[in-house]
Amino acid sequence: MSIFVDENTLVAVQGLTGSQGRFHGLRNKAYGTKVVAGVTPGKAGTDVEGIPVYDTVQEAVDAQGVDATFVAVPPRAAPAAILEAAEAGVALVVCITEHIPAKDEAYVAARLQRDFPGTRLLGPNCPGLISPGKCNIGITSGDIALPGGPVGIVSRSGTLTYQALHELSQQGVGQTTCVGIGGDPVPGTTFVDVLEAFEADPETLAVMMIGEIGGEAEELAAEFIKTKMTKPVVAYIAGQTAPEGRKMGHAGAIVSGSKGTAIAKMEALSAAGVTVAKNPTEAGELMVEIVRSLG
Amino acid sequence: MDLFEYQGKQYFARYGIAISPGEVAVTVDEAVAAANRVGYPVVVKAQVQVGGRGKAGGVKLAADRAEVELHAGNILGLDIKGHVVKRLWIEHATDISKEYYAGFTLDRAARLYLAMVSARGGVDIEQVAEEDPGAIVRRHINPLDGLALAEARSIVEEAGLDAEALDGAAQVLVDLYRCYVEGDADLVEINPLVLTPDGRVHALDAKVSLDDDAAYRHPEWEEFEGTGEIDERERLAKKKGLNYIGLDGSVGIIANGAGLAMSTLDVVNQVGGSAANFLDIGGGANADVMANALEVINTDQNVRVILVNIFGGIVRCDEVARGILAALDRVSLSSPIVLRLDGTNAVLAREILAERASDQIINEPTMLAAARRAVEVASGEAAGSAGGRS
């Protein structure tokens with residue numbers, strides 16, 4: 001089984017007619033994802049390589065029964081696009097858009113929580129999610145993922161997610177679902193949300209978690225793992241050598257004072273029974289060992 | 001973008017928060033002229049983006065012209081925790097009867113804004129948070145609700161501010177909230193927020209960090225551009241649109257993706273080296289971006305070796321390899337490159353690069369091996385040995 005998506009998930013791409021939306025939307029479709037619609041205001045009636053385009057998410061939902069949308073629009077338009085999908089009752093909204101102002105993200109998060117509790121937002125500024133062989137929404141390369149499980153991956157970083165997929169696939173260890181939650185300060189979906197879903201998924205037997213400096217999402221994940229999780233978890237935290245007060249690329253990756261350091265996160269995870277790796281390669285090796293020991 | 005105190009105060013003033021009259025000065029003469037205009041006594045304050053200025057001798061009271069000359073002369077050029085003072089803020093001195101603290105930031109875990117108020121201002125607030133967490137009142141603000149004056153008043157009351165400060169402090173808190181939200185700040189802090197003997201509440205310091213992603217809707221931020229304390233390498237990188245942070249090691253780093261770049265720094269450190277920079281070239285990694293990245297790192301005198309760590313997901317490694325070769329034709333490098341290309345089409349990429357392999361371009365198959373090799377080269381151990389492994 002997979003989490004959040006499966007082979008039947010019907011996807012609409014918001015911004016399918018733009019360069020990012022077209023490139024990644026068509027790649028997702030080529031991977032086998034059921035990309036059934038595009039949404040671009042003013043472009044209803046047109047199509048992108050046979051995928052019909054609608055003016056609004058609601059029209060796409062009405063015509064195609066969309067379950068999930070992939071938001072690939074610029075930062076100024078993305079907050080409204082996310083809320084439009086939520087208003088149309090879409091259950092999963094995946095937003096890859098980078099550089100959305102933090103205040104807009106906080107507003108969207110508050111609106112979703114108050115008005116649209118049935119909608120899950122993944123991102124913004126995330127690579128999306130892939131359930132190998134079933135569904136790929138976002139910018140992950142399908143070539144480096146291996147179907148069949150038993151590992152679930154959850155990550156705050158894009159390229160480190162690919163690295164993790166690659167390390168496991170090369171060793172013949174497949175993945176149930178790989179979820180990139182994104183590097184922004186207000187992610188729609190958190191580590192805890194994803195860990196909870198992996199814990200409940202019978203086909204996921206172990207979880208690889210990739211965190212980074214900044215915030216306390218990893219500490220909250222550690223608390224969850226300690227009290228609620230039975231499946232083995234391997235973690236790696238990027239930014240062990242990051243200087244204080246500098247944003248390391250991601251808006252969320254910043255050490256302020258004693259808060260958000262990699263060491264504090266690694267200690268919290270270790271104390272929760274997580275196998276903590278020093279680098280991504282070691283994380284892959286440790287995960288492979290665990291999977292082999294599970295038989 | 002972090003603002004200097006004087007910029008933060010100017011930003012506060014836009015939202016109606018009371019500040020003391022003051023002016024910026026970059027020379028002793030300007031300091032004296034500024035002091036004459038704002039009126040004695042004045043406070044001469046070093047403008048650096050680091051805490052602990054006062055203890056380092058960067059804040060001095062001056063009663064007259066002679067004292068301004070003395071203190072301005074001493075403070076200009078002073079090194080405060082690695083930050084050299086280039087600007088002063090000359091401010092009319094304020095009589096203080098009480099010092100408080102007020103600030104707003106994002107509580108990421110709660111996904112709500114967080115108001116923080118304390119009656120114990122004027123000292124390091126992180127220290128207060130550790131020693132006496134109860135002394136700081138924290139209240140979540142839902143972005144959909146905003147902060148009304150009545151709630152602001154209940155916050156400053158709960159924090160135990162003096163009775164005569166409550167009205168003024170509540171108003172400052174409402175104005176500061178507007179500055180935080182409408183002003184698109186990641187962090188706003190007033191420490192100290194002071195009560196004067198005549199009952200006014202007033203910002204005596206300003207710490208403001210702006211959200212760069214919101215710059216498009218703040219044309220007024222332009223005046224803050226270019227005044228920051230970024231070093232030459234960072235200035236060049238910014239001009240070329242690169243995500244670069246200067247550090248002080250000898251291994252130059254280029255990686256695609258912020259996480260991978262951070263991770264590369266970690267691994268270099270784990271094998272005994274130290275990074276000269278953080279540089280994320282993003283997903284694209286084409287010849288242009290690669291050439292720009294190499295140019296920036298090439299200007300860093302401390303760099304002894306450049307470690308290029310690329311994981312090909314959507315971007316194919318063979319494209320990256322061709323980009324690197326094209327970039328090398330444009331940039332004459334003073335340090336050798338150690339390359340790690342993995343992911344989509346990595347084998348093909350290594351074949352392309354093998355044609356150019358030399359002791360200036362060294363291929364390694366994994367991140368760890370590449371980091372080890374780079375650190376060897378940086379420490380001179382590999383000098384003279386024939387490179388060109390592929």
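I took the distance between two domain centres in chain B to start: the C-alpha centres of domain 1 of chain B and domain 2 of chain B lie 26 Å apart. The model is predicted, and I read every entry below with that in mind. For the bounds, I noted domain 1 at 21-92, domain 2 at 98-224 and domain 3 at 232-379 of chain B.

Next I turned to the contact with chain A. I found 61 residues of chain A and 46 residues of chain B taking part. I looked up the area as well: about 4,300 Å² is buried between chain B and chain A, with 57% of it on carbon and sulfur atoms. On the chain B side, I listed Arg108(B), Arg111(B) and Ile314(B) as the residues that lose the most area to chain A, and together they make up 18% of what that side buries.

Then I checked the charged and polar pairs. I have two salt bridges between chain B and chain A. One that I looked up joins Arg111(B) to Asp193(A), with the closest N and O atoms 4.0 Å apart. I also noted 16 residue pairs in polar contact between chain B and chain A, both residues at pLDDT 80 or more.

I went through the elements on the side of chain B that touches chain A. Those giving two or more residues include strand S7 (98-107), helix H6 (166-181), helix H8 (258-270) and helix H12 (367-378) of chain B. H8(B) gives the most, with 10 residues. By residue class, I have 22 nonpolar, 11 polar and 13 charged on that side of chain B.

Definitions and conventions
Residues are numbered from 1 along each chain as its sequence is written. Chains are lettered from A and ligands numbered from 1 in the order in which they are written. This is a predicted model: local features need pLDDT of at least 70, side-chain atom pairs count only at pLDDT 80 or more; totals for chains, interfaces and linings use all residues. Side-chain values use heavy atoms; hydrogens and water are left out. Contact means heavy atoms within 4.5 Å. Buried area is the accessible area (1.4 Å probe) that two parts lose on being put together, summed over both. A salt bridge is a side-chain nitrogen of Lys or Arg within 4 Å of a carboxyl oxygen of Asp or Glu. A polar contact is a pair of N or O atoms within 3.5 Å; within protein, one must be able to donate a hydrogen and the other to accept it, and residues adjacent in sequence count only if both atoms are side-chain atoms. Helices (H or I, at least four residues) and strands (E, at least two) are DSSP runs, numbered from the N terminus. Ala, Val, Leu, Ile, Met, Phe, Trp, Tyr, Cys and Pro count as nonpolar, Asp, Glu, Lys and Arg as charged, and the others, Gly among them, as polar. Domain bounds come from an automatic or database domain assignment.
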